[in-house]
Amino acid sequence: MEAIEELAIQPCTSSLYLRPFRLCYRQNGTKKFWDFMRTHDSVSILIFNTSRQCFVVVKQFRPAVYMCELERHHPELFENPDKEGLSRVEDPLPAAVGVTYELCAGIVDKPDLSLEEIACEEILEECGYRVPVTNLRKITSYRSGVGVTGSRQTLFYAEVTDQMKTGEGGGHPEEGELIEVVEIPLEDSMKFAYDETFPKTMGVIFSFMWFQTNIAPKLPKK
């Protein structure tokens with residue numbers, strides 16, 4: 001996962017996932033504009049393995065996170081970008097700075113499937129558990145990246161057992177995915193959530209807190 005090499009920055013002239021726009025408008029009599037991106041909505045799933053009392057999350061390299069760290073250490077790379085071609089990164093940082101812990105998740109790009117069906121597909125592909133749609137519980141939905149994308153993410157909760165595991169997960173390598181499945185013991189989950197040495201999404205922190213309020217009190221006492 002961390003064998004990252006031959007880094008180069010180049011202009012993004014087209015993308016399957018991002019579409020940049022500028023909205024021009026008048027608000028309270030004042031002319032304004034705002035640059036934004038259109039992207040897919042998404043689903044994410046808080047997975048709890050009841051057999052071993054642990055959360056199942058994923059770990060992967062995120063280029064956007066890596067580049068934020070790279071700019072912090074080497075701002076000159078972004079001051080005069082080569083708009084015509086590649087800008088080689090001659091002094092890259094360790095790939096570990098771009099690795100994050102996240103909930104199992106995926107984009108909503110299959111109009112013939114419900115959000116629940118997409119969520120179940122992602123659980124199987126990324127984490128290796130076969131979960132029936134009826135086992136999903138919707139927690140909530142919210143807007144992410146409100147200043148840039150405004151896309152909607154729907155968060156589900158799913159309980160799994162060891163018997164439901166039918167594969168290793170890891171995503172689709174042919175689509176560029178390289179995902180590591182990680183288990184977080186329930187008793188360590190809140191410490192993990194607030195430990196900044198483990199870079200993670202807000203969804204991990206929020207969902208762990210939701211679990212402590214809504215599910216943990218109902219668990220059998222040891």
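**Notebook: salt bridges, core and surface**

Entry 1. I looked up E121 and found a relative accessibility of 28%, so E121 counts as partly exposed. I noted at once that this is a predicted model. My next check was the partner of E121. The side chain of E121 meets that of K110 in a salt bridge, at 2.5 Å from N to O. I then placed both residues. K110 sits in the loop between β8 (104-107) and α3 (115-127), while E121 is in helix α3. They are 11 residues apart, and the pair links distant parts of the chain.

**Entry 2. The whole chain.** I stepped back to see the overall picture. The protein chain has 222 residues, and 33% of them count as buried. I listed five helices and 11 strands. The C-alpha trace spans about 60 × 50 × 35 Å along its principal axes.

Entry 3. How many salt bridges does the structure hold? I wrote down six. One of them joins the side chains of R22 and D35, again at 2.5 Å from N to O. R22 belongs to strand β2 and D35 to strand β3 (residues 30-38). I counted this pair as a link between distant parts of the chain, 13 residues apart. R22 is exposed, because its relative accessible area is 52% and the cut-off is over 50%. D35 has 41%, so D35 is only partly exposed.

Next I looked at R52. R52 forms a salt bridge with E183, and their closest N and O atoms are 2.5 Å apart. R52 lies in the loop between β4 and β5, and E183 lies in strand β11. The two are 131 residues apart in sequence, so the pair ties together separate parts of the chain. I checked the exposure of each. R52 is partly exposed at 38%, and E183 is partly exposed at 36%. I also found that D162 joins in: R52, D162 and E183 are linked in a network of salt bridges.

**Entry 4. The nonpolar core.** I turned to the inside. In soluble globular proteins, nonpolar side chains tend to be buried together. The largest nonpolar core here has 22 residues. Which of its residues touch the most other members? I noted L46, F55, Y157, F208 and F211. Then I asked which elements supply at least two residues each. They are β4 (42-49), β5 (54-61), β10 (151-160), β11 (179-185), α4 (189-194) and α5 (202-214). Helix α5 gives the most, with five residues.

**Entry 5. Charged patches.** E71, E76, E79, E90 and D91 form a negative patch. E71 is in helix α1 (residues 63-73). Its relative accessible area is 38%, so E71 is partly exposed.

I found a patch of positive charge too. R19, R38, K138, R143 and R152 gather there. R19 is in strand β2, and K138 is in strand β9 (residues 136-144). R19 counts as partly exposed because its relative accessibility is 47%. I also took one distance from R19. The C-alpha atoms of R19 and Y66 are 21 Å apart in space, and these residues are 47 apart in sequence.

**Entry 6. A nonpolar patch.** Which residues make the nonpolar surface patch of about 410 Å²? I noted L16, Y17, L18 and I107. L18 is in the loop between β1 (8-9) and β2 (19-27). L18 has a relative accessibility of 38%, so it counts as partly exposed. It can belong to a surface patch because patch members need over 30% relative accessible area.

**Entry 7. Two positive phi angles.** Last, I looked at the backbone. N28 has a positive phi of about 50°, although it is not a glycine. N28 lies in the loop between β2 and β3. N28 is exposed, because its relative accessible area is 80%. Q53 is not a glycine either, and its phi is positive at about 55°. Where is Q53 placed? I found Q53 in the loop between β4 and β5. Its relative accessibility is 27%, so Q53 is partly exposed.

Terms used
Residues numbered from 1 in each chain as written. Predicted model: local features only at pLDDT ≥ 70, side-chain atom pairs only at ≥ 80, totals over all residues. Heavy atoms only, no water. Patch = residues over 30% accessible without salt bridge, like charges linked within 9 Å, V, L, I, M, F, W, Y side chains within 5 Å. Areas by Shrake-Rupley, 256 points an atom, 1.4 Å probe, with all protein chains shown as cover. Salt bridge = Lys/Arg side-chain N within 4 Å of Asp/Glu carboxyl O. Lys, Arg positive; Asp, Glu negative; His and termini not counted. Charge placed at Lys NZ, Arg CZ, Asp CG, Glu CD. Helix = DSSP H or I, 4+ residues; strand = E, 2+ residues; numbered from the N terminus. Buried < 20%, exposed > 50% of the residue type's maximum accessible area, 1.4 Å probe, protein only. Core = buried A, V, L, I, M, F, W, Y, C linked by side-chain atoms within 4.5 Å.
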